[in-house]
Amino acid sequence: MGSRILCLHAHPDDAELLAGGTLALLSRRGHTVIIASMTAGDCGSSDMDPQQTADTRRQEAARSAAIIGAEYHSLGFGDLAIFVDDASRRRVTATIRRVRPDIVLTASPADYHCDHEATSRLVTDACFGSSAPNYLTQAYEQSQALPAVPHLYYMDPAEGLDREGRVVRPDFLVDVESVLDTKRAMLAMHHSQQAWLEQQHGIKDFIGEMESWTRSRGALGGLPYAEGFRQYVGHAYPRSPLLQGLLADHVMQLRKSE
């Protein structure tokens, strides 16, 4: 029986940029993959209003997820409006309980964007709350508490850097060379972002930029292309290497001193 993997990041396309290859590998091996974003990316356009932008980006994200047979969900937050508070934590917990993942992948705690950092904190705390029956989420969804805290992993931050430009090193790499074409195809579904990323981020070729980031991560372990992850092993969180085991033939562990 396969595992259930929830990849929950801040915006549509974050999952594909940072973990699309890993998700493709997991799906190929028969595991259930659910991609979710906190927001529908309503601020990610200068040509459409917020509602049109959100509708467009949800459709793009669903088409992207479908390439690997994954589901897509949006949690209904707004861009630049994700905050670490009680209501938000309960909403994220409700989603985790409904999806019932064995593994959760989420944003890096240190990243360039406030939505990314808030998402990381909320998902981390919601994983803990997801197995506490008395932590009530009925205002959002009423699903049974999980039997245990799910395994939690942080994806790389954008460019592998924190807000100050310091390198954030992964614990291990997943070799994604064999699924790079799939990762390209997933990201290419986010058509609306081409003009926006050039205007807002100065990125003229976001597929090429993704390839550059993925190549630079691979270089940490002598691989052509890779994605990096860190496992969160705080008190009460699982410490067994579940994700690493599912993709053992594609995983390269990095020494802490590297």
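This is a predicted model: local features need pLDDT of at least 70, side-chain atom pairs count only at pLDDT 80 or more; totals for chains, interfaces and linings use all residues.
**Sheet, helices and cores**

Setting aside neighbours within four places in sequence, isoleucine 35 is in contact with Cys7, Ala15, Leu23, Ala65, Ile68, Ala70, Glu71, Tyr72, His73 and Met186. Ile35 also belongs to the largest nonpolar core, which has 38 residues. Along with Ile35, the residues with the most contacts inside this core are Leu23, Ile68, Leu105 and Leu243. Helix H1, spanning residues 14–28, supplies the largest share of the core, with eight residues. Another core, of 23 residues, lies apart from that one and has Leu6, Val99, Val104 and Leu146 among its members.

Now for the sheet. Eight strands make up an open sheet with mixed pairing, and their order reads S3-S2-S1-S4-S5-S7-S6-S8. Strand S3 (71–77) and strand S8 (251–253) sit at the edges, each pairing on one side only. On average, neighbouring strands are turned by 25 degrees against each other, direction ignored. Strand S1 (residues 4–9) and strand S4 (residues 103–106) run parallel and are joined by four bridges. As for individual partners, isoleucine 5 has isoleucine 103 in S4 as its bridge partner.

Helix H2 (residues 50–66) lies across strand S2 (32–39) and S3, and runs at about 150 degrees to S3. Helix H7 (residues 206–219), for its part, lies across strand S6 (172–175) and strand S7 (226–232), with an angle of about 65 degrees to S7.

Conventions
Residues are numbered from 1 along each chain as its sequence is written. Side-chain values use heavy atoms; hydrogens and water are left out. Two strands pair if DSSP finds at least two bridges between them. Helices (H or I, at least four residues) and strands (E, at least two) are DSSP runs, numbered from the N terminus. Axes are lines fitted to C-alpha atoms, for helices over the stretch in contact, and angles run from 0 to 180 degrees between N-to-C directions. Contact means heavy atoms within 4.5 Å. A nonpolar core is a set of buried Ala, Val, Leu, Ile, Met, Phe, Trp, Tyr and Cys residues joined through side-chain atoms within 4.5 Å. Buried means under 20% relative accessible area, exposed over 50%, partly exposed in between (1.4 Å probe, protein chains only).
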